[in-house]
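Biologist: Let's go through the labels on this model one by one. I want the value behind each term.

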Amino acid sequence: MKTLAISNKNQVILPKMGIMTNVVELSRHDFIYVKNLLKANDTLYIDKDQNRFWNENALAVFYKGFKLGYLNDSIGKVVIRLINKFENLHITVKNLPKSANAFSGMDILIQVV
C-alpha cells in the first residue's frame, strides 16, 4: 500500500465550496419591498440579530439594508463558526421563489472567500 506524503512547505489549495441553504421568514420582514429587484447572483450579507434575545445564533440576511429573513438555526450555527474562523464570507442569491408563491423561500449560497 502506498502512502501519500503531504509537505508542510507548500500551501494546500482546496476547491471553493459553499453551503447552499434557504432564507426563512420572508413574509415577516422587508422582502416584499425588494422581491422584484432581486435577481440571481446578487450579493447579500449576513449579520447577527441582537433583537432576537431568545436565540443567540440568529443570523439575519440583508440586501441593500433591507432585512429579508433569517437562516434556520442549524445552518446558523455552522455559519457563525465560519464567520469566527474566516471572517470573509460571500453570500449570493441562487434561486428566487416562483411568482405564484413569492414567500415560499429563497435559496442562497454562502462561500468562504
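Biologist: Why is D49 called buried?

Modeller: This is a predicted model, so every value here is computed from it. D49 has a relative accessible area of 11%. Buried means under 20%. Therefore D49 counts as buried.

Biologist: Where is D49 found?

Modeller: D49 is in the loop between β2 (43–48) and β3 (59–63).

Biologist: What makes the pair of D49 and K67 a polar contact?

Modeller: Their side chains come to 3.1 Å. The cut-off for a pair of N or O atoms is 3.5 Å. The pair is within that cut-off, so the term applies. K67 is also one of the residues that D49 contacts beyond four places in sequence, along with A58, A60 and Y70.

Biologist: Why does V93 count as buried?

Modeller: V93 has 0% relative accessibility. The limit is under 20%, so V93 is buried. V93 lies in strand β5.

Biologist: Which residues does V93 touch, leaving out those up to four places away in sequence?

Modeller: L38, K39, A40, N41, D42, L44, M106, D107 and I108. For I108, 15 residues apart from V93 along the chain, the C-alpha separation is 4.5 Å.

Biologist: Which residues touch the most other members of the largest nonpolar core?

Modeller: L44, L68 and M106, out of 23 residues. Helix α2 gives the most, with 4 residues. In general, nonpolar side chains tend to be buried together in soluble globular proteins.

Biologist: What does M106 touch beyond four places in sequence?

Modeller: The list includes T21, F31, L38, L44, L68, V93 and P97.

Biologist: Why is F66 called partly exposed?

Modeller: F66 has a relative accessible area of 31%. Buried needs under 20% and exposed needs over 50%. The value of F66 falls in between, so F66 is partly exposed. F66 is found in strand β4.

Biologist: Is E25 buried, partly exposed or exposed, and why?

Modeller: Partly exposed, because its 24% relative accessibility lies between 20% and 50%.

Biologist: Why does K64 count as exposed?

Modeller: K64 has a relative accessible area of 65%. The limit is over 50%, so K64 is exposed. K64 sits in the loop between β3 and β4, and its phi is positive at about 50°.

Biologist: How many helices and strands does the protein chain have?

Modeller: 2 helices and 6 strands, in the order β-α-β-β-β-α-β-β. Buried residues make up 36% of the 113 residues. Of the contacts with a separation of 6 or more, 59% are between residues 24 or more positions apart.

Methods
Residues are numbered from 1 along each chain as its sequence is written. This is a predicted model: local features need pLDDT of at least 70, side-chain atom pairs count only at pLDDT 80 or more; totals for chains, interfaces and linings use all residues. Side-chain values use heavy atoms; hydrogens and water are left out. Buried means under 20% relative accessible area, exposed over 50%, partly exposed in between (1.4 Å probe, protein chains only). Contact means heavy atoms within 4.5 Å. A polar contact is a pair of N or O atoms within 3.5 Å; within protein, one must be able to donate a hydrogen and the other to accept it, and residues adjacent in sequence count only if both atoms are side-chain atoms. A nonpolar core is a set of buried Ala, Val, Leu, Ile, Met, Phe, Trp, Tyr and Cys residues joined through side-chain atoms within 4.5 Å.
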